[in-house]
Amino acid sequence: MNINLLLLALMAFLAGLAEFVIAGIIPYLADYFQVTTEQAGLLVTVFAFIFAIAGPILMMVTSAIKRRTLLIGFNILFIIGNLLSVMSTTYSMIMLSRIVLAISVSMLVGLAFSLCVKVVRQPFQPRAIGIVLMALSSAMVLGSPIGIFLSSLYSWKMVFMGIAVLSVVTLLITVKYFPSDLEVEKLSLKDDLKGLLRKDLIAAHCYTFLFFTGQSVFYIYFSPYLLHEKVSATVISLLFIVFGVCGTLGSGLGGLLTEKWGGRRALVVLSMLYAVVMAGYLVSSSVGWLFINTALLGLVGWSINAPTQSYLIERSEKYASINQTVSTSSVQFGISFGALLGGMILGAYASYTLLIVWAVVILIGTVIVSLMLFRFSRERRLP
(Lines give C-alpha, C1' and ligand atoms only; values in the text may rest on other atoms or scores of the structure.)
Protein backbone atom coordinates (compact mmCIF):
# COMPACT_ATOMS: atom_id res chain seq x y z
CA MET A 1 0.00 0.00 0.00
CA ASN A 2 1.28 3.43 -1.01
CA ILE A 3 1.96 5.66 2.00
CA ASN A 4 0.87 8.74 0.03
CA LEU A 5 -2.46 7.11 -0.81
CA LEU A 6 -2.98 6.25 2.85
CA LEU A 7 -2.11 9.85 3.72
CA LEU A 8 -4.74 11.23 1.31
CA ALA A 9 -7.33 8.75 2.60
CA LEU A 10 -6.61 9.79 6.20
CA MET A 11 -6.91 13.46 5.23
CA ALA A 12 -10.28 12.78 3.59
CA PHE A 13 -11.47 10.89 6.67
CA LEU A 14 -10.46 13.65 9.09
CA ALA A 15 -11.94 16.34 6.83
CA GLY A 16 -15.22 14.44 6.62
CA LEU A 17 -15.20 13.86 10.37
CA ALA A 18 -14.80 17.60 11.06
CA GLU A 19 -17.85 18.26 8.91
CA PHE A 20 -20.27 15.50 9.85
CA VAL A 21 -19.51 15.15 13.56
CA ILE A 22 -21.53 18.30 14.19
CA ALA A 23 -24.94 16.69 13.48
CA GLY A 24 -24.73 14.41 16.50
CA ILE A 25 -23.52 17.03 18.97
CA ILE A 26 -25.97 19.85 18.22
CA PRO A 27 -27.71 19.45 21.64
CA TYR A 28 -24.32 19.67 23.40
CA LEU A 29 -23.39 22.81 21.42
CA ALA A 30 -26.76 24.44 22.05
CA ASP A 31 -26.42 23.79 25.77
CA TYR A 32 -22.77 24.90 25.98
CA PHE A 33 -23.24 28.18 24.10
CA GLN A 34 -26.72 28.82 25.52
CA VAL A 35 -28.37 29.10 22.10
CA THR A 36 -31.46 27.50 20.57
CA THR A 37 -31.35 24.24 18.64
CA GLU A 38 -32.00 26.06 15.37
CA GLN A 39 -29.11 28.46 16.07
CA ALA A 40 -26.83 25.48 16.67
CA GLY A 41 -28.11 24.05 13.38
CA LEU A 42 -26.85 27.16 11.60
CA LEU A 43 -23.33 25.85 12.22
CA VAL A 44 -24.15 23.11 9.72
CA THR A 45 -25.80 25.53 7.28
CA VAL A 46 -22.88 27.95 7.19
CA PHE A 47 -20.27 25.18 6.91
CA ALA A 48 -22.02 23.48 3.99
CA PHE A 49 -22.67 26.77 2.16
CA ILE A 50 -19.05 27.93 2.46
CA PHE A 51 -17.82 24.47 1.40
CA ALA A 52 -20.06 24.47 -1.69
CA ILE A 53 -18.90 27.91 -2.81
CA ALA A 54 -15.22 27.66 -1.83
CA GLY A 55 -14.39 24.24 -3.31
CA PRO A 56 -14.68 24.90 -7.08
CA ILE A 57 -13.40 28.49 -6.79
CA LEU A 58 -10.29 27.62 -4.76
CA MET A 59 -9.46 24.70 -7.05
CA MET A 60 -9.42 27.04 -10.03
CA VAL A 61 -7.53 29.99 -8.50
CA THR A 62 -4.84 27.73 -7.01
CA SER A 63 -4.29 25.62 -10.13
CA ALA A 64 -0.80 27.08 -10.66
CA ILE A 65 0.40 26.27 -7.12
CA LYS A 66 2.20 23.02 -6.38
CA ARG A 67 -0.11 20.38 -4.95
CA ARG A 68 2.25 19.57 -2.07
CA THR A 69 2.29 23.23 -1.05
CA LEU A 70 -1.51 23.30 -1.08
CA LEU A 71 -1.73 20.13 1.01
CA ILE A 72 0.60 21.59 3.63
CA GLY A 73 -1.05 25.01 3.64
CA PHE A 74 -4.64 23.82 3.92
CA ASN A 75 -3.68 21.13 6.44
CA ILE A 76 -2.27 23.90 8.65
CA LEU A 77 -5.48 25.92 8.16
CA PHE A 78 -7.47 22.77 9.05
CA ILE A 79 -5.51 22.36 12.30
CA ILE A 80 -6.12 26.03 13.13
CA GLY A 81 -9.86 25.58 12.51
CA ASN A 82 -10.04 22.59 14.86
CA LEU A 83 -8.07 24.40 17.56
CA LEU A 84 -10.42 27.37 17.21
CA SER A 85 -13.28 24.97 17.92
CA VAL A 86 -11.50 23.69 21.03
CA MET A 87 -10.85 27.23 22.28
CA SER A 88 -14.35 28.53 21.49
CA THR A 89 -16.11 30.13 24.43
CA THR A 90 -18.76 32.03 22.48
CA TYR A 91 -21.16 31.23 19.65
CA SER A 92 -19.33 33.70 17.40
CA MET A 93 -16.03 31.87 17.93
CA ILE A 94 -17.46 28.44 17.08
CA MET A 95 -19.09 29.96 13.97
CA LEU A 96 -15.72 31.41 12.91
CA SER A 97 -14.11 28.01 13.40
CA ARG A 98 -16.76 26.39 11.16
CA ILE A 99 -16.01 28.92 8.41
CA VAL A 100 -12.27 28.24 8.63
CA LEU A 101 -12.90 24.49 8.64
CA ALA A 102 -15.26 24.69 5.65
CA ILE A 103 -12.63 26.46 3.54
CA SER A 104 -9.88 23.99 4.47
CA VAL A 105 -12.07 20.89 4.18
CA SER A 106 -13.31 21.87 0.71
CA MET A 107 -9.71 21.93 -0.53
CA LEU A 108 -8.46 18.87 1.35
CA VAL A 109 -11.29 16.72 -0.02
CA GLY A 110 -10.79 18.06 -3.55
CA LEU A 111 -7.03 17.50 -3.38
CA ALA A 112 -7.48 13.98 -2.00
CA PHE A 113 -9.60 12.96 -5.00
CA SER A 114 -7.47 14.70 -7.65
CA LEU A 115 -4.13 13.44 -6.28
CA CYS A 116 -5.00 9.86 -5.29
CA VAL A 117 -4.79 8.78 -8.95
CA LYS A 118 -1.40 10.48 -9.28
CA VAL A 119 0.34 8.56 -6.49
CA VAL A 120 -0.42 5.08 -7.89
CA ARG A 121 0.20 3.33 -11.18
CA GLN A 122 -2.53 3.57 -13.81
CA PRO A 123 -4.03 0.06 -13.28
CA PHE A 124 -4.64 0.89 -9.60
CA GLN A 125 -6.29 4.29 -10.14
CA PRO A 126 -9.91 3.07 -9.78
CA ARG A 127 -8.93 1.31 -6.55
CA ALA A 128 -7.25 4.50 -5.28
CA ILE A 129 -10.43 6.52 -5.89
CA GLY A 130 -12.42 3.81 -4.11
CA ILE A 131 -10.14 3.95 -1.05
CA VAL A 132 -10.46 7.75 -0.71
CA LEU A 133 -14.23 7.54 -1.28
CA MET A 134 -14.48 4.83 1.38
CA ALA A 135 -12.54 7.01 3.84
CA LEU A 136 -14.82 9.99 3.22
CA SER A 137 -17.98 7.86 3.37
CA SER A 138 -16.83 6.31 6.64
CA ALA A 139 -16.41 9.78 8.12
CA MET A 140 -19.87 10.76 6.92
CA VAL A 141 -21.64 7.83 8.53
CA LEU A 142 -19.46 7.47 11.65
CA GLY A 143 -18.96 11.16 12.46
CA SER A 144 -22.14 11.55 14.51
CA PRO A 145 -21.70 8.35 16.57
CA ILE A 146 -18.09 9.30 17.39
CA GLY A 147 -19.16 12.82 18.35
CA ILE A 148 -21.95 11.62 20.64
CA PHE A 149 -19.75 8.99 22.27
CA LEU A 150 -16.91 11.40 23.11
CA SER A 151 -19.28 14.22 24.07
CA SER A 152 -21.23 12.04 26.48
CA LEU A 153 -18.09 10.66 28.12
CA TYR A 154 -15.91 13.77 28.14
CA SER A 155 -16.68 16.95 26.17
CA TRP A 156 -17.58 17.82 22.59
CA LYS A 157 -14.26 19.69 22.43
CA MET A 158 -12.41 16.37 22.68
CA VAL A 159 -13.65 15.55 19.18
CA PHE A 160 -11.92 18.53 17.60
CA MET A 161 -8.82 18.11 19.75
CA GLY A 162 -8.49 14.54 18.51
CA ILE A 163 -8.88 15.65 14.89
CA ALA A 164 -6.26 18.38 15.38
CA VAL A 165 -3.74 15.92 16.87
CA LEU A 166 -4.21 13.43 14.01
CA SER A 167 -3.96 16.29 11.50
CA VAL A 168 -0.55 17.21 12.91
CA VAL A 169 0.50 13.64 12.11
CA THR A 170 -0.74 13.95 8.51
CA LEU A 171 1.08 17.28 8.21
CA LEU A 172 4.40 15.75 9.31
CA ILE A 173 3.96 12.83 6.90
CA THR A 174 3.16 15.25 4.06
CA VAL A 175 6.28 17.32 4.73
CA LYS A 176 8.50 14.23 4.90
CA TYR A 177 7.12 11.92 2.21
CA PHE A 178 4.73 13.60 -0.22
CA PRO A 179 6.33 14.28 -3.62
CA SER A 180 6.65 17.88 -4.76
CA ASP A 181 6.44 17.19 -8.51
CA LEU A 182 2.82 16.04 -8.73
CA GLU A 183 0.62 18.21 -10.94
CA VAL A 184 -2.97 17.99 -12.14
CA GLU A 185 -4.83 19.45 -15.09
CA LYS A 186 -5.93 23.05 -14.70
CA LEU A 187 -9.63 23.52 -14.12
CA SER A 188 -11.55 25.83 -16.43
CA LEU A 189 -15.24 26.09 -15.73
CA LYS A 190 -15.69 28.14 -18.90
CA ASP A 191 -14.41 25.29 -21.07
CA ASP A 192 -16.64 22.78 -19.30
CA LEU A 193 -19.94 24.70 -19.49
CA LYS A 194 -21.25 22.50 -22.26
CA GLY A 195 -20.73 19.56 -19.96
CA LEU A 196 -22.93 21.22 -17.34
CA LEU A 197 -25.72 23.10 -19.13
CA ARG A 198 -27.77 20.11 -20.29
CA LYS A 199 -31.23 19.16 -19.04
CA ASP A 200 -30.24 15.62 -18.10
CA LEU A 201 -27.21 16.74 -16.07
CA ILE A 202 -28.97 19.74 -14.51
CA ALA A 203 -31.77 17.38 -13.44
CA ALA A 204 -29.20 15.04 -11.86
CA HIS A 205 -27.75 17.91 -9.81
CA CYS A 206 -31.26 19.04 -8.83
CA TYR A 207 -31.92 15.47 -7.67
CA THR A 208 -28.82 15.52 -5.47
CA PHE A 209 -29.75 18.93 -4.01
CA LEU A 210 -33.33 17.87 -3.20
CA PHE A 211 -32.31 14.51 -1.77
CA PHE A 212 -29.82 15.97 0.70
CA THR A 213 -32.18 18.84 1.52
CA GLY A 214 -34.89 16.33 2.43
CA GLN A 215 -32.43 14.21 4.38
CA SER A 216 -30.89 17.14 6.28
CA VAL A 217 -34.20 18.80 7.23
CA PHE A 218 -34.68 15.91 9.64
CA TYR A 219 -31.32 14.22 10.16
CA ILE A 220 -29.45 17.36 11.26
CA TYR A 221 -31.98 17.59 14.10
CA PHE A 222 -32.22 13.85 14.69
CA SER A 223 -30.44 14.03 18.04
CA PRO A 224 -32.71 16.82 19.42
CA TYR A 225 -35.71 14.85 18.09
CA LEU A 226 -34.63 11.78 20.05
CA LEU A 227 -34.17 13.85 23.20
CA HIS A 228 -37.64 15.29 22.65
CA GLU A 229 -38.99 11.72 22.48
CA LYS A 230 -37.35 10.98 25.87
CA VAL A 231 -34.83 8.53 24.41
CA SER A 232 -31.88 7.86 26.73
CA ALA A 233 -28.36 9.01 25.87
CA THR A 234 -27.18 5.40 25.61
CA VAL A 235 -29.90 4.51 23.12
CA ILE A 236 -29.19 7.68 21.11
CA SER A 237 -25.53 6.68 20.80
CA LEU A 238 -26.53 3.18 19.70
CA LEU A 239 -28.97 4.57 17.14
CA PHE A 240 -26.25 6.70 15.54
CA ILE A 241 -23.92 3.69 15.50
CA VAL A 242 -26.64 1.63 13.78
CA PHE A 243 -27.11 4.46 11.28
CA GLY A 244 -23.37 4.57 10.65
CA VAL A 245 -22.94 0.83 10.15
CA CYS A 246 -25.98 0.57 7.89
CA GLY A 247 -24.86 3.65 5.97
CA THR A 248 -21.54 1.95 5.24
CA LEU A 249 -23.40 -1.15 4.05
CA GLY A 250 -25.68 1.08 2.00
CA SER A 251 -22.74 2.46 0.02
CA GLY A 252 -22.01 -1.09 -1.14
CA LEU A 253 -25.68 -1.86 -1.75
CA GLY A 254 -25.96 1.14 -4.05
CA GLY A 255 -23.18 -0.24 -6.22
CA LEU A 256 -24.87 -3.64 -6.49
CA LEU A 257 -28.24 -2.10 -7.36
CA THR A 258 -26.59 0.11 -9.99
CA GLU A 259 -24.95 -2.91 -11.61
CA LYS A 260 -28.26 -4.79 -11.62
CA TRP A 261 -30.73 -2.06 -12.58
CA GLY A 262 -28.66 0.84 -13.92
CA GLY A 263 -28.27 4.27 -12.34
CA ARG A 264 -31.64 5.78 -13.34
CA ARG A 265 -33.81 2.86 -12.22
CA ALA A 266 -31.86 2.54 -8.96
CA LEU A 267 -32.41 6.24 -8.19
CA VAL A 268 -36.19 5.94 -8.73
CA VAL A 269 -36.53 2.88 -6.48
CA LEU A 270 -34.25 4.23 -3.74
CA SER A 271 -36.00 7.62 -3.75
CA MET A 272 -39.38 5.97 -3.22
CA LEU A 273 -38.04 3.75 -0.45
CA TYR A 274 -36.35 6.64 1.31
CA ALA A 275 -39.52 8.75 1.36
CA VAL A 276 -41.38 5.80 2.91
CA VAL A 277 -38.64 5.23 5.49
CA MET A 278 -38.64 8.92 6.44
CA ALA A 279 -42.42 8.80 6.84
CA GLY A 280 -41.91 5.84 9.17
CA TYR A 281 -40.92 8.24 11.97
CA LEU A 282 -44.50 9.53 11.92
CA VAL A 283 -45.82 6.06 12.76
CA SER A 284 -44.06 5.34 16.04
CA SER A 285 -41.24 6.44 18.32
CA SER A 286 -40.88 3.20 20.27
CA VAL A 287 -37.28 2.11 20.78
CA GLY A 288 -37.65 -1.04 18.67
CA TRP A 289 -39.20 0.85 15.78
CA LEU A 290 -36.56 3.58 16.02
CA PHE A 291 -33.79 1.00 15.60
CA ILE A 292 -35.48 -0.59 12.58
CA ASN A 293 -36.31 2.70 10.88
CA THR A 294 -32.91 4.26 11.61
CA ALA A 295 -31.16 1.21 10.16
CA LEU A 296 -33.22 1.59 6.99
CA LEU A 297 -32.58 5.35 6.94
CA GLY A 298 -28.83 4.73 6.84
CA LEU A 299 -29.02 1.77 4.46
CA VAL A 300 -31.24 3.41 1.84
CA GLY A 301 -29.95 6.96 2.29
CA TRP A 302 -26.32 6.14 1.54
CA SER A 303 -27.22 3.85 -1.37
CA ILE A 304 -27.83 6.77 -3.74
CA ASN A 305 -24.16 7.76 -4.11
CA ALA A 306 -23.18 5.00 -6.54
CA PRO A 307 -26.15 5.37 -8.95
CA THR A 308 -25.79 9.17 -8.94
CA GLN A 309 -22.10 9.05 -9.88
CA SER A 310 -22.76 6.24 -12.36
CA TYR A 311 -25.41 8.34 -14.10
CA LEU A 312 -23.07 11.34 -14.41
CA ILE A 313 -20.34 9.17 -15.95
CA GLU A 314 -22.85 7.40 -18.20
CA ARG A 315 -24.13 10.70 -19.63
CA SER A 316 -20.65 12.11 -20.26
CA GLU A 317 -17.41 10.41 -19.36
CA LYS A 318 -15.33 13.30 -20.72
CA TYR A 319 -17.04 15.85 -18.45
CA ALA A 320 -17.53 13.52 -15.49
CA SER A 321 -14.91 15.31 -13.40
CA ILE A 322 -16.55 18.75 -13.53
CA ASN A 323 -19.99 17.21 -12.99
CA GLN A 324 -18.76 15.28 -9.95
CA THR A 325 -17.35 18.55 -8.55
CA VAL A 326 -20.71 20.25 -9.06
CA SER A 327 -22.44 17.19 -7.61
CA THR A 328 -20.36 17.57 -4.43
CA SER A 329 -21.40 21.22 -4.23
CA SER A 330 -25.03 20.18 -4.76
CA VAL A 331 -24.72 17.86 -1.76
CA GLN A 332 -23.35 20.69 0.37
CA PHE A 333 -26.01 23.16 -0.81
CA GLY A 334 -28.65 20.55 0.04
CA ILE A 335 -27.22 20.02 3.53
CA SER A 336 -26.97 23.78 4.04
CA PHE A 337 -30.51 24.53 2.90
CA GLY A 338 -31.96 21.51 4.71
CA ALA A 339 -30.35 22.53 8.01
CA LEU A 340 -31.57 26.12 7.53
CA LEU A 341 -35.11 25.06 6.64
CA GLY A 342 -35.26 22.61 9.54
CA GLY A 343 -34.10 25.30 11.95
CA MET A 344 -36.73 27.73 10.63
CA ILE A 345 -39.49 25.14 11.07
CA LEU A 346 -38.42 24.36 14.62
CA GLY A 347 -38.08 28.05 15.44
CA ALA A 348 -41.55 28.88 14.12
CA TYR A 349 -43.56 25.81 15.18
CA ALA A 350 -41.36 23.78 17.58
CA SER A 351 -42.75 20.66 15.90
CA TYR A 352 -40.65 17.64 14.96
CA THR A 353 -43.70 16.10 13.31
CA LEU A 354 -43.82 19.02 10.88
CA LEU A 355 -40.10 18.56 10.33
CA ILE A 356 -40.64 14.97 9.21
CA VAL A 357 -43.59 15.94 6.99
CA TRP A 358 -41.47 18.55 5.19
CA ALA A 359 -38.70 16.00 4.72
CA VAL A 360 -41.15 13.53 3.15
CA VAL A 361 -42.60 16.19 0.82
CA ILE A 362 -39.13 17.18 -0.41
CA LEU A 363 -38.16 13.53 -0.90
CA ILE A 364 -41.30 12.97 -2.98
CA GLY A 365 -39.86 15.73 -5.16
CA THR A 366 -36.74 13.60 -5.68
CA VAL A 367 -38.93 10.75 -6.93
CA ILE A 368 -40.42 13.10 -9.55
CA VAL A 369 -36.98 14.34 -10.63
CA SER A 370 -35.61 10.78 -10.83
CA LEU A 371 -38.47 9.86 -13.18
CA MET A 372 -37.63 12.91 -15.31
CA LEU A 373 -34.11 11.51 -15.79
CA PHE A 374 -35.56 8.79 -18.02
CA ARG A 375 -37.13 11.39 -20.32
CA PHE A 376 -34.09 13.66 -20.45
CA SER A 377 -31.75 10.73 -21.05
CA ARG A 378 -33.26 10.24 -24.52
CA GLU A 379 -31.02 13.09 -25.62
CA ARG A 380 -27.69 12.22 -27.20
CA ARG A 381 -25.04 11.66 -24.53
CA LEU A 382 -21.90 13.77 -24.55
CA PRO A 383 -18.57 12.13 -25.56
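Two residues are in contact here when they have heavy atoms within 4.5 Å of each other. Keep that in mind as we walk through this structure, which is a predicted model.

Let's start with a pair of helices. Helix 10 covers residues 233–261 and helix 12 covers residues 287–301. Two packed helices are described by the angle between their axes and the distance between the axes. For this pair, the angle is about 30° and the axes lie 6 Å apart. Angles under 35 degrees count as roughly parallel, so helix 10 is roughly parallel to helix 12. The crossing between helix 10 and helix 12 is right-handed. Which residues of helix 10 and helix 12 meet? On the helix 10 side they include Val 235, Leu 239, Phe 243, Cys 246 and Gly 250, while the partners from helix 12 include Val 287, Phe 291, Thr 294 and Gly 298.

Now look at helix 7, residues 157–177. Several residues of helix 7 are buried, among them Phe 160, Ile 163, Ser 167 and Leu 171.

Finally, zoom in on one residue: Ser 216, in helix 8 (residues 199–219). Is Ser 216 buried or exposed? Its relative accessibility is 3%, and buried means under 20%, so Ser 216 counts as buried. Leaving out residues up to four places away in sequence, Ser 216 touches Tyr 221, Gly 334, Ile 335, Gly 338 and Ala 339.

Terms used:
Residues numbered from 1 in each chain as written. Predicted model: local features only at pLDDT ≥ 70, side-chain atom pairs only at ≥ 80, totals over all residues. Heavy atoms only, no water. Helix = DSSP H or I, 4+ residues; strand = E, 2+ residues; numbered from the N terminus. Expected span 1.5 Å × (residues − 1). Buried < 20%, exposed > 50% of the residue type's maximum accessible area, 1.4 Å probe, protein only. Axes fitted to C-alpha atoms, helices over the stretch in contact; angles between N-to-C directions. Parallel < 35°, antiparallel > 145°, perpendicular 65-115°, else oblique. Left-handed = near helix turned anticlockwise from the far one by under 90°.
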